Amino acid sequence: MYQIGETVLYGTEGACTIAEIREMKIGREKAPYYVLRPVHREGATIFVPLGNETLLAKMRRLLSVEEINGMIACICRGETVWIEDAAVRKEEFRRILTAGDRKELLGMIRALYRHRETLKSAGKRLRTNDEQMLRDAEKLLNDEFALVLNIKPREVPEYIRSRLEEAS
């Protein structure tokens, strides 16, 4: 069980602080809920019923600095695979975003960066859907990494790039 004041990741929302745990009546029954406040979206509130395993599974603990650096080093050694079929790629990227596995997100971002560079050298651009998937993946990672590393979200890509260069 998470505690009040703890910061967690929630689905595709990103980093959220658990503001309180309170009983709420939705419909006919009262149940306890986590009340989440997104860190980077002021004024928003998310209610997660403690009895709903599906929604609780969307809550994940934040990584540590060591875990982040280890993951970046691991990605550097891994192979980048590009999925040529746009429909298959869209479905796979959507799955990765929904699952929220940070290593897969980092691999997805790396694949999109590399493909964007290949296209750029040919005078082309990423497809609109790929650009959107890249922005969504970066937002998720940048929010968490910035919070953990105590840097600004816009500084995260440079942090990752510098770690990748160190590791290679």
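## Overall architecture

The chain holds six helices and five strands, assigned as DSSP runs numbered from the N terminus (helices are H or I with at least four residues, strands are E with at least two). The model is predicted: local features need pLDDT of at least 70, side-chain atom pairs count only at pLDDT 80 or more, and totals for chains, interfaces and linings use all residues. Residues are numbered from 1 along each chain as its sequence is written, and side-chain values use heavy atoms, with hydrogens and water left out.

Read from the N terminus, the order of elements is β-β-β-β-α-β-α-α-α-α-α. Along the principal axes, the C-alpha atoms fill a box of roughly 60 × 35 × 25 Å.

## Burial, contacts and charge

Of the 168 residues in the chain, 38% are buried (under 20% relative accessible area; exposed is over 50%, partly exposed in between, with a 1.4 Å probe and protein chains only). The chain exposes about 10100 Å², of which carbon and sulfur atoms supply 50%; the areas come from the Shrake-Rupley method with a 1.4 Å probe.

Taking contacts (heavy atoms within 4.5 Å) between residues at least 6 apart in sequence, 51% join residues at least 24 apart. The mean positions of the 29 positive and 27 negative charges lie 4 Å apart. Lys and Arg count as positive, Asp and Glu as negative, and His and the chain ends are not counted; the charge is placed at NZ of Lys, CZ of Arg, CG of Asp or CD of Glu.

## Helix H4

H4 covers residues 102-121 and has 20 residues. Its span from first to last C-alpha is 29 Å, close to the 28 Å expected at 1.5 Å a residue (1.5 Å times one less than the number of residues). Its buried residues include Arg 102, Arg 110 and His 115, along with Leu 105, Leu 106, Met 108 and Ile 109.

At the start of H4, a side-chain oxygen of Asp 101 comes within 3.0 Å of the backbone nitrogen of Lys 103. Just after the helix, Gly 123 has a positive phi of about 75°.

Asp 143 is found in helix H5 (residues 128-149) and is buried, at 6% relative accessible area. Leaving aside residues up to four places away in sequence, Asp 143 touches Glu 13, Gly 14, Ala 15, His 40 and Glu 138.

Asn 150 lies in the loop between H5 and helix H6 (156-167). Asn 150 counts as exposed, with 70% relative accessibility, and its phi is near 60°, a positive value in a residue other than glycine.

Terms used. Polar contact = N/O pair within 3.5 Å; in protein donor to acceptor, adjacent residues only side chain to side chain.
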